[in-house]
Amino acid sequence: MRKVAVVKANSYDTQIVEQAMTELLTHLGGMSKYIKPGERVLVKPNMLEGVDKGLSVTTHPEVVRAVIRLVKSAGGIPVVGDSPGLGNTLKVAEKCGILKVCLEENTTVVPFEVPTELSLPNGMILKKISVAKVYMEVDKVISLAKMKTHSFMGVTGAVKNLFGFFVGPDKAQFHLRMKKRSDFAHMLIDLYGAIKPVLSIVDGIVGMEGAGPRNGTPINSGLLLAGSCGFSVDLAMAKCMGFEAEKMPVAQAAIAAKLSQTLAGLEIVGNGKDIVHHFTEPKNFDRLEGRLPSWLVDFSQNQFTAKPWIEKNCIACGRCAQHCPPKVIRIENNRAVIDYRECIRCYCCQELCPVNAVSLKDGTLLKTAKKLRRK
Ligand code: SF4
Ligand code: SF4
């Protein structure tokens with residue numbers, strides 16, 4: 001039975017987080033069970049974008065600090081790194097407060113800039129993969145994720161956090177190649193299998209609900225989660241968020257492939273194990289997936305998915321146009337305009353918009369399907 005620890009932590013006060021993190025790891029046998037003296041350990045927080053830590057977009061710096069200290073106490077040598085969705089790693093780390101904590105803890109921040117190729121003979125959908133070369137230079141990886149909703153994948157936790165191992169523009173290519181959520185989920189499962197983090201930890205002290213992972217609303221959830229299996233940690237996380245955890249695309253695919261337990265098969269321990277919040281879902285069709293025949297979803301993907309909609313507060317910065325994988329956004333009359341015929345519903349535009357000017361609107365068929373489901 002795979003174990004997931006869930007403990008309460010009601011603030012980002014340094015001492016409170018450190019105590020809670022120690023308690024969390026104690027449930028799992030202590031950090032020294034995973035990290036041996038002298039090992040170089042890559043701690044991979046969620047550094048999606050350089051914004052204030054209060055927005056809950058990135059892993060909180062105090063959680064990063066607590067993990068750094070525990071790795072050191074086990075004799076490991078931590079380094080912290082990511083390839084943000086937007087911007088330079090060091091600038092992002094500076095803006096979200098992670099750089100300051102790393103400097104205080106005498107820990108290096110390593111940008112993921114150079115890729116290296118790994119072969120994946122047993123991959124479900126990928127047989128080779130290009131990930132940040134720093135992966136080859138460390139002994140262990142810890143995925144240090146944030147508890148957030150995700151418009152495309154339902155939730156983003158320990159497994160999706162590894163998407164940052166793809167360097168820069170490679171990320172957009174995966175959106176183009178894996179347009180269906182199930183394909184994207186299989187790709188993430190392959191990535192997880194390649195990186196094999198020794199521990200997966202989730203910062204859910206303040207999570208994000210609604211239009212995650214960038215433009216949602218912070219929600220006090222008071223939890224830290226951890227386990228040696230990222231799929232299990234994400235299942236427990238989605239349960240704590242109040243979602244149908246096994247219906248999340250990655251969980252669904254991992255359970256089907258027998259790479260993950262079901263929720264009932266997990267041993268969840270800790271003083272936060274029974275806490276369930278009611279996060280607002282992202283506006284997408286995840287909960288319809290699995291209820292509709294897959295041929296119908298394939299056939300009418302655009303009708304059954306919410307479409308991105310540019311709101312009046314668009315400032316025409318062009319960021320969405322620059323990062324839209326199929327390049328179907330243009331700036332016209334000081335506003336972003338989307339060509340829906342080629343839109344693949346990846347929601348990168350919503351994820352990256354700096355002023356939350358991209359909302360998601362249900363199409364007619366999706367509205368009808370939701371009404372039918374409510375009856
Ligand atoms: S990123 Fe947002 S503000 Fe910038 S052009 Fe796109 S919709 Fe407008
Ligand atoms: S318009 Fe938005 S949702 Fe559509 S393909 Fe571009 S980034 Fe993805």
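Predicted model: local features only at pLDDT ≥ 70, side-chain atom pairs only at ≥ 80, totals over all residues.
Residues are numbered from 1 along each chain as its sequence is written, ligands are numbered from 1 in the order in which they are written, and side-chain values use heavy atoms, without hydrogens and water.

Here are the two ligand shells, where a residue is near if one of its heavy atoms lies within 4 Å.

| Ligand | Residues around it | Closest residues |
|---|---|---|
| Ligand 1 | 14 residues | Cys314, Cys317, Gly318, Cys320 and Cys353 |
| Ligand 2 | 14 residues | Cys324, Cys343, Cys346, Tyr347 and Cys349 |

For ligand 1, the shell splits into 12 nonpolar, 1 polar and 1 charged.

Now for the salt bridges (a side-chain nitrogen of Lys or Arg within 4 Å of a carboxyl oxygen of Asp or Glu). The whole structure has 15 of them. In one, Asp82 pairs with Lys44, with the closest N and O atoms 3.1 Å apart. Asp82 sits in strand 3 (residues 77-82) and Lys44 in strand 2 (residues 40-45), so this pair ties together parts 38 residues apart in sequence. Strands are DSSP runs of E, at least two residues, and helices are runs of H or I, at least four, numbered from the N terminus.

Technical notes
Nonpolar A, V, L, I, M, F, W, Y, C, P; charged D, E, K, R; others polar.
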